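Please open the model in your viewer and keep the selection panel at hand. The stops below go from core to loop.

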Amino acid sequence: GNIPHTNTLWGDMKVFGHFAYVVNDNGGGGIDVVDLSDVDNGNVTLVQQVTDGGLSTSHDVAIDTDSGFLYLCGANLNGGRLIAYDLSNPADPTFAGQVSSSQGVNVHDVQVVTYTSGPYAGKQIAFACSGGTGLDIFDVTNKLNMFRLSRTTYPNLSFAHQGWLSEDRSYFYLNDELDGVNETVVFDVTDLENPMVVNTYSSGVPAIDHNLYVHDGFIYEAEYTAGLRIFCADDPVNPVQVGWFDTYPENDDSGFDGAWSNFPFFPSGTVIVSDMNRGLFILNVTEALNAGSLTFAYPNGRPDFIDPAGGTTVRVEVAGSCGAAPQPGTGLLHYDAGGGFVAVPMEPIAENVYDAVFPGIICPSAVSYYISVQTSAGSIKTDPPGAPDITYSTTATDGVVVVLQDNFENDQGWTTENLGATSGQWQRGVPVNDPDWAFAPAEDGDGSGQCWLTQNEFGNTDVDDGAVRLTSALLDMTVNNIVLGYEYFLRLTNEDGNDRLLVEISSNGDAGPWTVVATHDTNGGLSWRHHEITQAELEAAGVTLTSNMKIRYTANDADAQSIVEAGVDGLTITSLQCEGSCDADLSGDGSVGPFDLAQLLGAWGPNPGHPADFDGDGNVGPFDLAVLLGSWGPCP
């Protein structure tokens, strides 16, 4: 059946008994009250449109089915704060009360429940996702005096979009639509007046997390371009992904396409997903629910650097969860030192405990890696979960020498330039941490105190209508194997690539030419991020390393209605050291040359213990040849 409905970009609906209540965000018409009592015969009836008091639009609607009250979120009335309607007569919702301006803000989405046990028994409690404000929890028992119990923010707060309670009501899972990191926040809400952030979890892909629901110990999360993601919450603080269905397989980026919401509450176990581009998906998720998952722990940590000669060991502990168990002896270390991933069996140490041992790797090298273990049911689980697209990283080097470190506590000769912006000029100082401007960082990036920020003042201070530029003094980059690193802050509300932080380098001071070496155009929420550029990457971009280098950062706002706040901190230039030992001098003449090459080639193939087996893998091969060629010439 169908009813006429206002033409609108989006709407929302909830069901109570045999009535559906439909709202829309921008088309007018108030609340559509729809009778579904004869829906099995294809008949649905629009009973009325509730427009009392001037009600026209509402972003969302929620119903506490235990108490029989309906709540509007983001309506055109009451500043978007919660409004309650009594459903005693479900065909005729009547206004019951609203949250006052002193107690709340515009609410984007809400879950309202009636507690039947514990310290809040008999209370009707609303868990409100309040956009840039965070998580608000209200006592809405008395509709004429609904009041806020607590307000809680969290790292990377950008736009608290929607969330859902765990089934024992101890935890609340909140998705932030604009945080840029696709992390769902886990709150401990056992004390409603003092909620605590206890963790975050992620599917490991850069898509945006949207609507999520909890049912029978699993979290069902629609993540736009990444489709439906299912997490097992056996450990409610550490949900683990057990399966997914990608409704938008073109990519898993941070665009606003794909899966909008889902419904996992049918008795059959069937899950339906609404996709903005492709419509309705009806899914059988049994296999995902039965697959279980594995958890990985690193009791000795993960290495920032590994020995290029080989032998760096990472201890890995694996445990089963959600009904799965690890299959003994199936652990693999996958590493990529530039030539693609290579799988190396991990050494079993004890039950479900492995040692991952890195082989010899040419110095210096950036290394990506991940771990995989098979479950007893035959599925392969990885850590990080998004591998191989998401990996851990380390560097093969004999040591690191700091050539330059600028924490911006003192003036090192940086200059600023306004390129037509009406606000947002670069300023050096300790972040002012304005509680009324939730788009700038609360602290600097490296913990020293000061940093460079776009207009570090109270109030609306982002870059508007142009660009602002920050340029360094002269930098010497003539050392070998350099790595340029820095911390950066970038808070964006427009991620189409036009608003950005552009990083350029010149080999000839201010004279240029300037070469783009990094373009940051994704929103990082309220967090600082670290970025590194290797010597190989600089040279590949066409940069010649000199003692007359400069680096500059340009924050650009291409849309007067968007937010662009940027920061830079902790600039470092380091040199990765490679000892250049004469292990490759096989002939002992004090130089690595043709005689040594001849000996290596003569020992090619399986040859345990041979001096040319530099990485000790029992085989003289390409790696050993690369070590020899890299040591060519007189011994140091």
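A nonpolar core is here a set of buried Ala, Val, Leu, Ile, Met, Phe, Trp, Tyr and Cys residues joined through side-chain atoms within 4.5 Å. With that in mind, and remembering that this is a predicted model, begin by selecting Trp426, Met477, Ile505 and Tyr553, the residues with the most contacts inside the largest nonpolar core, which has 34 residues. Next colour the strands β38 (467-471), β39 (482-492), β40 (500-506), β41 (514-520), β43 (550-556) and β44 (564-577), each of which supplies at least two residues of this core; β39 gives the most, with 6 residues.

Now centre on Ile505 and display its surroundings: leaving aside neighbours within four places in sequence, Ile505 is in contact with residues including Met477, Leu484, Trp514, Val517, Leu538 and Ile551. For a second, separate core of 20 residues, select Val318, Phe358, Val367 and Tyr392, which are among its members.

Then move to the loop between β36 and β37, where Asp444 is placed. Asp444 counts as buried because its relative accessibility is 8%, and a polar atom of its side chain lies 3.0 Å from the backbone nitrogen of Ser448 and one lies 2.7 Å from the backbone nitrogen of Gly449. Beyond residues up to four places away in sequence, Asp444 touches Pro431, Gly449, Gln450, Cys451, Trp528 and Asp569.

Finally, select Gln450, found in the loop between β36 (426-429) and β37 (451-454), which counts as buried at 19% relative accessibility.

Notes. Residues are numbered from 1 along each chain as its sequence is written. This is a predicted model: local features need pLDDT of at least 70, side-chain atom pairs count only at pLDDT 80 or more; totals for chains, interfaces and linings use all residues. Side-chain values use heavy atoms; hydrogens and water are left out. Buried means under 20% relative accessible area, exposed over 50%, partly exposed in between (1.4 Å probe, protein chains only). Helices (H or I, at least four residues) and strands (E, at least two) are DSSP runs, numbered from the N terminus. Contact means heavy atoms within 4.5 Å. A polar contact is a pair of N or O atoms within 3.5 Å; within protein, one must be able to donate a hydrogen and the other to accept it, and residues adjacent in sequence count only if both atoms are side-chain atoms.
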